[in-house]
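Here are some questions and answers for a reader who is new to this structure.

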Amino acid sequence: METSNFTLFDPRCRAEAPLAIDVIMQLDIFGRVLYTVLTLMATVSMLVFIEECIYIYKKVPAHKKSTIIWVTGVAPVMAIMSCLGMWVPRATMFTDMTSATYFAIVVFKFLILMIEEVGGDNAFLRRCEKQTFKISTGPCCCCCPCLPNVPITRRSLFILKLGSYQFALMKLVLTILSIVLWTNGNFSLANVSANGAAIWINSFIGVLTIIALWPVAIMFMHVREALRTLKIVPKYAMYQLVLILSQLQSAIINILALNGTIACSPPYSSQARGYMMSQQLLIVEMFIITLVTRVLYRRQYEPIPEPDDVEETKTVLSSKNAIDVA
């Protein structure tokens, strides 16, 4: 209770986030070591990503290059943005928006990646022309098993793509709108009242996120067995983990900071300290995910051929799993 009262009523706990120079000046020995290690992690993440881009450019077929680069870049980009937000606390809103916008694009790109691993739109439609999509899956309709399956057609495939693409587009538009409103003093993450723009924009983004994740889950449930030898399951798990850590974890920490559960520590207010903790955790987590992602994508995959029967499919996919690129 004393900590909560201190956090709520001490004037220093209501101050604006410190400047970068103030952060540097107040660091003790432990702080310097911590910031150095975290900065090194973020730098290594970006270097690993750059090396991976060079590899993809040289080894991966042209139609997959940009998609794989976008997907593998989500963890390094978030690590770098979190590092910038850690060193420059007043820029946290912008670094978080940049990371979230990038991830919104990756949601769409991951859907495209699964289709490309099968051989592209035409190959996917040829292989699945007599099959159906199971739409009773998360995050929208996992509790509605009675929903009918949808035939796989060019139109239904386009609708799935559109469902994910709208998030990438609208997230960018809403990010620009948020920045414009912030410059006019109408947007503040700390203002969670019904009169504030932040609560409405963030709620709308939450709805768009759920809608965008649904087509990806539908496609994953349909192709996971065919692409299992291409490690699509752990790839999807990494994509989901980035979503949970960057959205849910950060939201929980920020809520705890807003209600004073996280005590302030001058020059950091409660909210600024919550943001700092979130950035530091994300750097470590994204560093680990970057290394795991490199292992998962460090292969050269060709489109899955169209076999005459199921047994030939299993034989072809098994042989693909034995091909490793140095």
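Axes are lines fitted to C-alpha atoms, for helices over the stretch in contact, and angles run from 0 to 180 degrees between N-to-C directions. The model discussed here is predicted.

Q: Are H10 and H11 roughly parallel or roughly antiparallel to each other?
A: H10 and H11 pack with their axes 9 Å apart, at an angle of about 175°. Angles over 145 degrees count as roughly antiparallel. H10 and H11 are therefore roughly antiparallel.

Q: Which class has 16 residues in the contact of H10 with H11?
A: The contact of H10 with H11 has two charged residues and nine polar ones. The 16 residues are nonpolar.

Q: How many helices does the protein have?
A: From the N terminus on, the elements run α-α-α-α-α-α-α-β-β-α-α-α-α-α. Besides two strands, the protein has twelve helices.

Q: What percentage of the residues in the protein is buried?
A: A residue counts as buried when its relative accessible area is under 20%. There are 326 residues in the protein, and the buried share of them is 47%.

Q: How many of the 14 residues of H5 are buried?
A: The buried residues of H5 include Val74, Pro76, Met81, Cys83 and Gly85. H5 is mostly covered, and its count of buried residues is eleven.

Q: What span is expected for H5 at 1.5 Å a residue?
A: H5 has 14 residues and reaches 20 Å from its first C-alpha to its last. The expected span is 1.5 Å times one less than the number of residues. The reach of H5 is close to that expected span, which is 20 Å.

Q: How far does H8 reach from its first C-alpha to its last?
A: H8 has 30 residues, and the span expected at 1.5 Å a residue is 44 Å. The reach of H8 is close to this, at 44 Å.

Q: Which residue just after H8 takes a positive phi?
A: H8 covers residues 154-183. Just after H8, a positive phi of about 80° is taken by Gly185.

Q: What does Lys231 count as at 27% relative accessibility?
A: Buried means under 20% relative accessible area and exposed means over 50%, with partly exposed in between. At 27%, Lys231 therefore counts as partly exposed.

Q: How much space lies in the largest pocket?
A: The largest pocket is lined by 38 residues. Leu189, Asn202, Gln247, Ala251 and Asn254 lie nearest its centre. The space in the largest pocket is about 1000 Å³.

Q: Which helix gives the most to the lining of the largest pocket?
A: By class, this lining has 23 nonpolar, 13 polar and two charged residues. Helices that each supply at least two residues of the lining include H5 (74-87), H6 (92-118) and H9 (197-223). With nine residues, the helix that gives the most is H9.

Q: Which helix gives the most to the lining of the largest cavity?
A: The structure holds four cavities of 30 Å³ or more, and about 100 Å³ of space lies in the largest cavity. Its lining has 13 residues, of which Val71, Val74, Met238, Tyr239 and Thr293 lie nearest its centre. H4 (62-72), H5, H6, H10 and H11 give two or more residues each. With four residues, the helix that gives the most is H10.

Q: Which elements give two or more residues to the lining of the second largest cavity?
A: About 60 Å³ of space lies in the second largest cavity. Val48, Phe49, Glu52, Thr72, Pro76, Thr290, Thr293 and Arg294 line this cavity. The elements that give two or more of them are H3 (29-59) and H11.

Q: What distance separates the C-alpha atoms of Pro234 and Thr293?
A: Pro234 is in helix H10, and at 32% relative accessibility Pro234 counts as partly exposed. Pro234 and Thr293 are 59 residues apart along the chain. Their C-alpha atoms are separated by 9.0 Å.

Conventions: Residues numbered from 1 in each chain as written. Predicted model: local features only at pLDDT ≥ 70, side-chain atom pairs only at ≥ 80, totals over all residues. Heavy atoms only, no water. 1 Å grid on protein atoms, 1.4 Å probe; cavity = no way out; pocket = protein on both sides within 12 Å on 5 of 7 lines; lining within 4 Å. Points joined across faces, edges and corners; volume = space filled by probe spheres on them. Nonpolar A, V, L, I, M, F, W, Y, C, P; charged D, E, K, R; others polar. Parallel < 35°, antiparallel > 145°, perpendicular 65-115°, else oblique. Buried < 20%, exposed > 50% of the residue type's maximum accessible area, 1.4 Å probe, protein only.
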